[in-house]
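Hello,

Here is the structure I promised to hand over. Please have a look, then read my notes below.

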Amino acid sequence: MKAATAKKVVQMGWKSVKGYDCFLQCIFSGVTNICMLPSIIRSYQSGYTFEATIGIFTMITSSIYHFTQTLECTFLGVDEGKWHQMDNVFALCNFCFVVAEIAPVRTRVGRELWHSVCVGVIVIAQIMKPWDVRYTIGPLLAAALFSLCHFIYLARKDKRPKFDTWQSVMALLSLCGAIFFFIRGLDDHNDWLRLNHGMWHVFVSLFAYCVCGLSRSADGPVHARDYLEVPPHCAYACSFKKVFPVCAENGGSNGGKKEQ
């Protein structure tokens, strides 16, 4: 087991650190994941509970992965390679969900279907070949293509989503910064203390935070209950007000309009 782990570390270009540098690297590579917390809170406050939950798992698995990698240890009997694989699954799910917000699906069934497909495809891809970049980039490109096609469809139907200008600019700038530092951090061996990778955590967290506040309406930021419709064919639709009284009072099942 130790020999296999050492071989994997060499293949990934990992450079071990000792002493005070080890402490600093734990901060830059692991603790910087705490930057995801504002976007997680914002997602939850906007009614996107599932996205917020996936964000929490991403933050946890990424932190543990970087700690076990830097300290060259295991956690709960699992080495850094497996934690890296878990981190990839949750991080890719997050990206697919974030990309989808550029042209959000406005029905409850549609969002559940999108989430299910994303999670299923990503898990299969990461189990098949976790270290093959094609199996990492593939799901992201597919999600981006879907969002682009959906955006064009909404535009043709005159239902193009409205975006907050300031949040859009900040999201674009932070995305550029995230891509820049992610590419620089790919060379693990020359990324001193994983500074570039730590900055990737900061900028990608800022990007996710801005995207969470991207959609706007005439009354301000969009909340999930403002548009997530419960389809009439669902068995629980008739008891929606009993199960979700707060959402129902705010128009969760009748398109944002209160019942007379």
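**Helix 3 and helix 4**

The axes of helix 3 (residues 37-45) and helix 4 come within 7 Å and cross at roughly 160°. Axes here are lines fitted to C-alpha atoms, for helices over the stretch in contact, and angles run from 0 to 180 degrees between N-to-C directions. Helices are DSSP runs (H or I, at least four residues), numbered from the N terminus. Helix 3 and helix 4 are therefore roughly antiparallel (angle over 145 degrees). Their crossing is left-handed, that is, the near helix is turned anticlockwise from the far one by less than a right angle.

This is a predicted model: local features need pLDDT of at least 70, side-chain atom pairs count only at pLDDT 80 or more, and totals for chains, interfaces and linings use all residues. Residues are numbered from 1 along each chain as its sequence is written, and side-chain values use heavy atoms, with hydrogens and water left out.

Which residues of helix 3 meet helix 4? They are L37, I40, S43 and Y44, and they touch T49, A52, G55, I56 and M59 (contact means heavy atoms within 4.5 Å). Nonpolar means Ala, Val, Leu, Ile, Met, Phe, Trp, Tyr, Cys and Pro; charged means Asp, Glu, Lys and Arg; the others, Gly among them, are polar.

**Helix 4 and helix 5**

Helix 4 (residues 49-71) also packs with helix 5: their axes come within 8 Å and cross at roughly 150°. That makes helix 4 roughly antiparallel to helix 5. This crossing is left-handed. The contact has 11 nonpolar, eight polar and three charged residues. On the helix 4 side, F50, E51 and I54 are among them. Helix 5 brings residues including E80, W83 and F97.

**The cavity**

How many cavities of 30 Å³ or more are there? The count is one. A cavity is a set of points, on a 1 Å grid over the protein atoms alone, where a 1.4 Å probe fits but cannot get out. The largest cavity holds about 40 Å³ of space, a volume being the space filled by probe spheres set on the points. Its lining is E51, F97, A100, E101, V105, R111, W114 and H115 (an atom within 4 Å of a point). Four of these are nonpolar, one is polar and three are charged. Helix 5 (80-100) and helix 6 (108-128) each supply at least two lining residues. Helix 6 gives the most, with three.

Best wishes

Methods: 1 Å grid on protein atoms, 1.4 Å probe; cavity = no way out; pocket = protein on both sides within 12 Å on 5 of 7 lines; lining within 4 Å. Parallel < 35°, antiparallel > 145°, perpendicular 65-115°, else oblique.
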